[in-house]
Structure formats: structure tokens, C-alpha cells
Amino acid sequence: MKDIFVQLEFVTWQSLPVILFCVCFAAVVTIIESSFHMKLVVQNDALVPGFAALLILRELGAVVSALLLTSRVGAGLAAEVGSMKITEQIEALKMLGIDPVRFLVVPRFVACVIGGFLLSLIANLVCLYCAMLVSEAKLSYSSGAFITSMRAFVTFQDLVFACLKGACFGAVIPLVSCYFGFRCKSGAEGVGLATTNSVVVSSVLIIVLDFVLTFLFSHFY
Amino acid sequence: MITFRDVHKQFGEREVLKGITFEVPEGQILFILGTSGTGKSVLLKNIVGLMQPTSGQILVDGTDVTRLSEEELFPVRRKCGMVFQHPALFDSLTIFENVAFGLRKHYPEYSAAQLAERVRECLSLVYLSGVEDKKPQAISYGMQKRVSLARTVAVNPRILLFDEPTTGLDPVTTRAINDLILELSRKLKTTSLVVSHDMQCALDIADQIIVLDMGEIVARGTPEELRKNPHPLVRDFLKEALDAETAS
């Protein structure tokens, strides 16, 4: 249990600054680009808050958070387990009667699932707030107008699905990273390769899983 | 007792062990010598199921370990302690926690005081004290090897497996580790298998020596018998050992 909390602190709390920093910029770009293109095509950007909120909740918040989590947590995890493998620490665990999967993977898996859920929730809320501030400052929407427009497009269900996506993406990261870590070949090159492979495969799987989940969730709208 | 019966191990096309057969009687120290890449470490890892042989039998106290599941291997591993080529200490834990790691698993009934006492006792067996609160990276490589030895003996194994315990160490630490192997094996009455390149050490402390070349046993016997063995590889090893003896 202690291990899970240690990992949860690492996955969630320590990843929070970089994720919030990035999603804020993503929100700014989303709202400004949406406005620009709507004005260009339909000569009107009245629906921008709604569209932007929809995009943020259904895709941006969860996916951007998960990809950042992959590069921060997944890469570190693959390197950590890979180093343990090549320095025989995994075998030492087995010799001491400890199941390496239970000892290394389970706490990280639980932490990443919970962390993915929480980070997606926080990232989406901060992203929406940031979009609201930008639309107020740059697009002359009041907070009330932003929220009214947003509520016409998104529901509480969208936020729940975004968090569920975050949890599912969170599950992918430790499984893939530990898989490559446990199969790490000896030497610095082996650890590097395990790390690279884990980030690439996790990112691809997150994008594919995003498609699958979006398709599944679309049946509930 | 450990028995190897016609053990073969293949990695793809490459056969690393070619029909290895030998026995280690209880309480003896067996040295396995050979040049790099001849399958010495593979042989050792097969005993505790860290690798599986392609064919053949390995009996540990009468139990064939070659076809056991991870759960079934647990009692076999419980009997054995292994000192790896790397110190294999857990970087995130202190020296104390590293030595206590196996104790917490195997002796859950130990109180905190008993645990601390046992850790101190094991560290003193390897002539270490005052390092309990340090992380592995804060002590020298030779000290890390000794901590690894302390962690291994802490859980009272009946069989000790050493995979090149002195590789990468200076001559003084090498000597100290070799003395420790002998002392621990005699004091704890364990059966010990030592994989090494060090013929001098083997001649000094082994009860039996096996020389491996290209996955096959090319010589075996007591140190006295080995001294008379005419095989070229054994002569090369002996020459190096005698040169070192003369130099010292």
C-alpha cells in the first residue's frame, strides 16, 4: 500500500506542473484557432466556446495529459526496470522470494490508473478555465457567456468519459513500460532502446485506444 | 546435494551447455572455472530456475528443478542464496533496508529490534559497520559486493551460489571476498558453488574444481588432482595462478 502511495505521488503530483503548463497552452491554441477558422468560414465565432470545450473534454485534455505522462512516467519506468534487469536486481528479487511483477508492476499500475483519472480530471478543468480566460481576454466573451455556450454543447458525462479515458491511458503506460523494461537487453544501448520503444509503443497505443474509446462512448451520447 | 544430469542449454543455434553431468555433495565448495562465455553463469542460474535447461535434469536435494513453475521454485530458491556478478542491490533502498529485504519476507515474525540485530550481525560477518543508513551508490563497489553477500546469508540459505564474486575488484578486496566465501561456507555449513576465473582462489579454498570449456567439462577433481591435469586450458589457468603466487 505504501508503494502505491509513493508511486501515486510520483505519477500525479510530480507530473501535475508540466501537464498543467502544457494543457494551458493547448487551450489557448485551441480557442484562438477555433475562433480564427470559424470567422474565416462562417463569419461568426459565437459557437467557439462550445466547440472548444467539446474538443477539450472529448480529446485534448485526456490525450495530451496521457502523452505527457508517457514521456515522463513511462520513459522513467522503462529505464528503471530495464536497469534493474541488466544489473540482476530482478533476479535478486526472485531469489529473495519476491514476485517482481507484484513488487514492481502492480503498485505502478494502480498508481497510473488512479493518476491518469485524476490528471485527466484536473487537466480538463484547468484547460477549460484557461480557455475561458483567453476567450474573455481575446474574444470578448464574458465568463457567463462562455459557460452558457459551453453548456449547450457539453454535459457532465463528457467529463466522466474524459476521466475514464485518462484511467485507461494510465493503464497502458506501466504495462508497456514494464514489458519493455523486463525484456531489456544488456548495456546502456539496451536501456535506451527499451525506453524509446516503451514511449513509442505507449503513445501509439494511447492514440489507438483513444479511437476505440471514442467510438465506444459515442454510443452513449 | 546438487546433481546435474546431462544438462544441455541452447540459445537459438548456439549450444552453451553440452551435456553437463556432475554432483556437489552437501557442505562442499565447488569451483567452476572457465574462460568468458563458456556457460558458467548459465549453469548457475539453471539451478534456481532463473533459466531453464533445454534438456537434462538438475536435482536440488532430490527435487528436479528443471520443470517447476515459479511458485514451485519458491522452496528451492528459499534454500539457495545467490551472489550475483553485479552487487544487485536495490538502489532506492538503504544498505539496512537491502539486507532486511529478504528477512521481512521470510521472517515476518521478527520484531524491529530482532530485524536490526540480524542486519547488524550479517553486516559484521562481511566486516561492515556504520554503513546501514547509506544508499548503495554511496559506498565502494567492493563494499557493495560485501553487502550483497550479507543480504544473501541473512536469510540462512543452505546452498550458496556465487557468480564471479570477485570480478572487477582489486586484489586486496578479492582476497577478502575469497576468505569470506571460505569462512561463511565453513561457519554456516553451506554447500557452495562458485563461478570464477580465479584458479588461485580455487586452489586455496575449493573442495572440488570443474573446468568448463565451450560448454563441456574438460577437467574435474580436487585442487591436488587439478594441479596434475594435463589439459591445456587447465595448464593455462595454473600457469597464471603460479605466476601470481610467485609474484606475491
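Author: Let us begin with a single residue. Leu212(B) is buried, since its relative accessible area is 0%, and buried is the word for anything under 20% relative accessible area, with exposed meaning over 50% and partly exposed what lies in between, using a 1.4 Å probe and protein chains only. As to the source, this is a predicted model in which local features need pLDDT of at least 70 and side-chain atom pairs count only at pLDDT 80 or more, while totals for chains, interfaces and linings use all residues. Residues are numbered from 1 along each chain as its sequence is written, chains are lettered from A and ligands numbered from 1 in the order in which they are written, and side-chain values use heavy atoms, with hydrogens and water left out.

Reader: Where does Leu212(B) lie, and which residues is it in contact with, leaving aside its neighbours within four places in sequence?

Author: Leu212(B) belongs to strand 9 of chain B, residues 208–213; helices (H or I, at least four residues) and strands (E, at least two) are DSSP runs, numbered from the N terminus. Contact means heavy atoms within 4.5 Å, and by that rule the partners of Leu212(B) include Ile20(B), Ile32(B), Leu43(B) and Leu233(B).

Reader: What makes helix 1 of chain B count as largely enclosed?

Author: The helix covers residues 40–47, and eight of its eight residues are buried, so the rest of the structure largely encloses it. After helix 1 of chain B comes Gly49(B), which has a positive phi, near 75°.

Reader: How do you know that Lys45(B) forms a salt bridge with Glu88(A)?

Author: Side chains of opposite charge can pair when their charged atoms come close. A salt bridge requires a side-chain nitrogen of Lys or Arg within 4 Å of a carboxyl oxygen of Asp or Glu, and the closest N and O atoms of Lys45(B) and Glu88(A) are 3.2 Å apart, so the pair qualifies. Across the interface of chain B and chain A the rule finds two salt bridges, and over all chains a search of the whole structure finds 17.

Reader: How is the size of the interface between chain B and chain A expressed?

Author: The size of an interface is often given as the accessible area lost when the parts come together. Here buried area is the accessible area, with a 1.4 Å probe, that two parts lose on being put together, summed over both, and for chain B and chain A this comes to about 1600 Å², with 66% of it on carbon and sulfur atoms. The contact involves 22 residues from chain B and 14 residues from chain A.

Reader: Why is the pair of Asp61(B) and Lys79(B) called a salt bridge?

Author: Their closest N and O atoms are 3.3 Å apart. The pair links distant parts of the chain, 18 residues apart, with Asp61(B) in the loop between strand 4 (55–60) and strand 5 (63–64) of chain B and Lys79(B) in helix 2 (residues 70–79) of chain B. Asp61(B), at 28% relative accessibility, counts as partly exposed, and so does Lys79(B), at 24%.

Reader: What makes Arg175(B) and Asp179(B) a salt bridge, and where do they lie?

Author: The closest N and O atoms of Arg175(B) and Asp179(B) are 3.9 Å apart, which is within the 4 Å of the rule. Both residues lie in helix 6 (residues 171–187) of chain B, four residues apart, about one turn of the helix. Arg175(B) is partly exposed at 41% relative accessibility, and Asp179(B) is partly exposed at 37%.

Reader: Is Ser218(A) buried, partly exposed or exposed, and what makes it so?

Author: Its relative accessibility is 36%, so Ser218(A) counts as partly exposed. Ser218(A) lies in helix 8 (residues 188–218) of chain A, a chain whose secondary structure comes to eight helices and zero strands. Of the 221 residues of chain A, 50% count as buried.
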